[in-house]
Amino acid sequence: MIGTRKLGELTVGAEGLGCMGMSQAYGVRDSDTESIATIHRALELGVTLLDTANVYGPETNEELVGRAIADRRDQVVLATKFGIVWGEGGSMGARGDAEYVKQSCDASLRRLGVDYIDLYYQHRVDPNVPIEETWGALSELVQAGKVRYLGISEASADTIRKAHAVHPVTALQSEWSLWTRGIEDEILPTARELGIGIVPFSPLGRGFLTGAITSTEDLPADDMRRRLPRFADGNLDSNLAIVAALRELAEEKGLTAGQLALAWVLNQGADVVPIPGTKRRTYLEQNVAAAEISLTPEDVARIEAAAPASAVAGARYPEELARAAGK
């Protein structure tokens, strides 16, 4: 059993489970049976924070998670999200008007088969709706007992402050890993000043830092990573050199490169709860083992020297998604 950490006032396992890949994004959907078994095994290991969203699938991931936890709701800290909307040609937008917030919450509750959501995130900030309107509606959901705590994802420091002034922000979910460190300069200090917990998504660099991906040919034809610049020809070889350096350090400790990369994220503070995603028990158990790894300051320095942020080749997202993400 792994230990616990605090996201604001919310106690969760020191590591969470990202459930998105069980339903979309990373290739052919596997058997729901194995996905549900993975969720059950996570709970056995003390991984209590389960992360989903209305847009995953879309919608089917919430239904899957709901089936998995139907007979063990009291063991789970259930997180879901609203706010991403898809347009023509796969373009990504955001919606945050009060009516949509309330509709989305009710629909998620139905799909999940629960009476309340533990942690409800604004998935992306709608640039056309004042954050005060969105968070006013979210605060009403808390008052109604439909939601316990509120979070925000991929938001700027200024937006986080404005949201927090309306209703306390319990958790910030943003991409953070050895090859995505953009939150460190301004966003992370803001969250910590306000007592907001940090939930890094893609802490393994969308699986790249595990060393399992050496070519885009390793990825299924419908895998979203084929669209990401860091996996593209011209960038891939440079990024593979980072993984090779990590693997060398990991082998000294009898670890995988992925475990070392995840241990680095976990080492960033007691307010950090990464949510590596997997749909298989084997990888889940490898990830959970990283929560038991102790790193010395020398270890951290060597890891960061092996994987400096400046060495990462390629942007996080292609241009059309970067615009929608506000990045």
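**Helix packing, selected residues and backbone geometry**

The crossing of helix 1 and helix 2 is right-handed, a crossing being right-handed if the near helix is turned clockwise from the far one by less than a right angle, and left-handed if anticlockwise. The model is a predicted one, in which local features need pLDDT of at least 70 and side-chain atom pairs count only at pLDDT 80 or more, while totals for chains, interfaces and linings use all residues. Residues are numbered from 1 along each chain as its sequence is written, and side-chain values use heavy atoms, with hydrogens and water left out.

Helices (H or I, at least four residues) and strands (E, at least two) are DSSP runs numbered from the N terminus. The axes of helix 1, residues 32–44, and helix 2, residues 60–69, come within 9 Å and cross at roughly 55 degrees; such axes are lines fitted to C-alpha atoms, for helices over the stretch in contact, with angles running from 0 to 180 degrees between N-to-C directions. Helix 1 and helix 2 are therefore oblique to each other, given that angles under 35 degrees count as roughly parallel, over 145 as roughly antiparallel, 65 to 115 as roughly perpendicular and the rest as oblique. On the helix 1 side, Asp 32, Ser 35, Ile 36, Ile 39 and His 40 meet Leu 64, Val 65, Arg 67, Ala 68 and Ile 69 of helix 2, where contact means heavy atoms within 4.5 Å. By class, this contact has six nonpolar, two polar and two charged residues (Ala, Val, Leu, Ile, Met, Phe, Trp, Tyr, Cys and Pro count as nonpolar, Asp, Glu, Lys and Arg as charged, and the others, Gly among them, as polar).

Helix 2 also packs against helix 3, residues 98–112, their axes coming within 7 Å and crossing at roughly 45 degrees, which makes helix 2 oblique to helix 3. Here Glu 62, Glu 63, Val 65 and Gly 66 of helix 2 make the contact with Ser 108, Arg 111 and Leu 112 of helix 3, and these residues divide into two nonpolar, two polar and three charged.

The loop between strand 4 (49–51) and helix 2 holds Glu 59, which is partly exposed at a relative accessible area of 39% (buried means under 20%, exposed over 50% and partly exposed in between, with a 1.4 Å probe and protein chains only). Leaving aside residues up to four places away in sequence, Glu 59 touches Asn 54 and Arg 111. In that loop lies Pro 58 as well, joined to Gly 57 by a cis peptide bond with omega of about -5 degrees.

Elsewhere, Ser 139 is found in helix 4 (residues 131–143) and is buried, with a relative accessible area of 10%. Its side chain makes a polar contact of 3.2 Å with the side chain of His 167, a polar contact being a pair of N or O atoms within 3.5 Å, of which, within protein, one must be able to donate a hydrogen and the other to accept it, residues adjacent in sequence counting only if both atoms are side-chain atoms.

Most residues other than glycine have a negative phi, and most peptide bonds are trans. Ser 202, however, has a positive phi of about 50 degrees, and Arg 206 has one of about 55 degrees. Ser 202 is buried at 13% relative accessible area, and Arg 206 is buried at 10%.
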